[in-house]
Amino acid sequence: METTRDQIDIIAFGAHPDDVEIGAGGLLAKEAARGYRVGIVDLTKGEMGTRGTPDIRIEEAQKAAEILGAEWRINLEMPDGNITVDHENVMKAARVIRTYRPKVIIAPYWDDRHPDHVNTSLLVTEAHFKAGLRKLEPEMEAFRPNIIIYYFLNRMEGFSFIVDVSEYYAQKQEAVNAHYSQFGDAGLKPLAILGVKAPLQFIESRDRFQGSQIGVAYGEAFLVRSPVPLEDPLRVWGR
Ligand SMILES: [Zn+2]
């Protein structure tokens with residue numbers, strides 16, 4: 001396959017600077033540890049959050065990306081709380097896809113209580129398609145990743161597969177905790193994140209539960225819209 005200097009294997013998109021860590025931090029750490037090149041794209045700076053300033057949140061996000069082993073993390077600077085799925089915003093994401101040509105992209109699941117998560121899901125889904133249209137902005141070479149893998153934030157249903165992230169769970173927790181303005185206690189009263197009052201407990205118990213479903217300590221569940229090819233069922237269920 002043709003490669004470019006900047007090529008990345010996997011790009012994870014999130015609405016807010018901590019979304020990717022919460023939903024897919026273990027998977028990203030695992031893939032980076034295996035030598036795959038990981039990029040992270042946040043659509044907003046999370047400036048509508050009750051805590052933290054945009055500058056603090058960008059700094060925390062960069063630290064979290066380093067902890068996960070990502071090559072880079074960029075911010076598309078769309079307005080927090082008001083991500084709209086319009087042509088210009090879709091093309092912002094499509095241009096990132098065309099530039100870095102990832103084989104796989106990761107996006108939030110399309111049903112969630114936060115409208116930004118819903119819109120990010122729709123926007124990335126549309127960008128995935130449009131990035132592959134040759135006649136659209138033809139000055140950039142068209143490229144369509146092989147698949148979109150959806151991760152879960154607030155709602156979870158209809159998993160396609162669960163990835164064992166046990167070995168990388170400490171890294172995931174460290175990356176989530178790097179968003180100290182959001183998750184650190186610092187004597188601040190509990191703040192509802194993901195619609196729950198104890199978000200760290202919610203994330204950990206969810207990931208433990210998902211792990212338990214495949215017989216490991218920690219798992220992350222994902223959904224894809226096409227069948228998952230399985231080369232050897234006995235390798236999975238024959239032990
Ligand atoms: Zn979010």
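**A predicted chain and its nonpolar core**

The largest nonpolar core has 59 residues, and Ile11, Ala12, Phe13, Leu28, Leu68, Ala93 and Ile106 are those with the most contacts inside it. A nonpolar core here is a set of buried Ala, Val, Leu, Ile, Met, Phe, Trp, Tyr and Cys residues joined through C-beta atoms within 7 Å. A residue is buried if 20 or more other C-beta atoms lie within 10 Å of its own, exposed if 12 or fewer, and partly exposed in between, with C-beta atoms placed from the backbone. Helix α1 (residues 19-33) gives the most to this core, namely seven residues. In soluble globular proteins, nonpolar side chains tend to be buried together.

The model is predicted: local features need pLDDT of at least 70, side-chain atom pairs count only at pLDDT 80 or more, and totals for chains, interfaces and linings use all residues. Residues are numbered from 1 along each chain as its sequence is written.

Isoleucine 11 touches Gly39, Val41, Val96, Tyr100, Pro102 and Ile105, leaving aside residues up to four places away in sequence. A contact requires C-beta atoms, placed from the backbone, within 7 Å. Of the contacts in the chain with a separation of 6 or more, 78% are between residues 24 or more positions apart.

The chain has eight helices and seven strands; these are DSSP runs numbered from the N terminus (helices H or I, at least four residues; strands E, at least two). The radius of gyration is 17 Å, close to the 18 Å that the globule rule gives for 239 residues, so the chain is as compact as a globular protein of that length. This radius is taken over C-alpha atoms, and the rule is 2.2 Å times the number of residues to the power 0.38. The C-alpha trace spans about 55 × 50 × 30 Å along its principal axes, and 45% of the 239 residues are buried.

Strands β2 (residues 38-42) and β3 (residues 72-75) pair in the parallel sense over four bridges, where pairing needs at least two DSSP bridges. Glycine 39 has tryptophan 72 in β3 as its bridge partner. From β2 the chain crosses through helix α2 (residues 54-68) to β3 in a right-handed β-α-β crossover.

Most residues other than glycine have a negative phi. Arginine 101 is not a glycine, yet has a positive phi of about 45°. Arginine 101 lies in the loop between α3 (87-100) and β4 (104-108), and counts as buried because it has 20 C-beta neighbours inside 10 Å. Glutamate 137, also not a glycine, has a positive phi of about 45°.

Key. Two residues are in contact if their C-beta atoms, placed from the backbone, lie within 7 Å. A crossover is right-handed if, with the strands pointing away from the viewer, the path from the first strand over the helix to the second runs clockwise.
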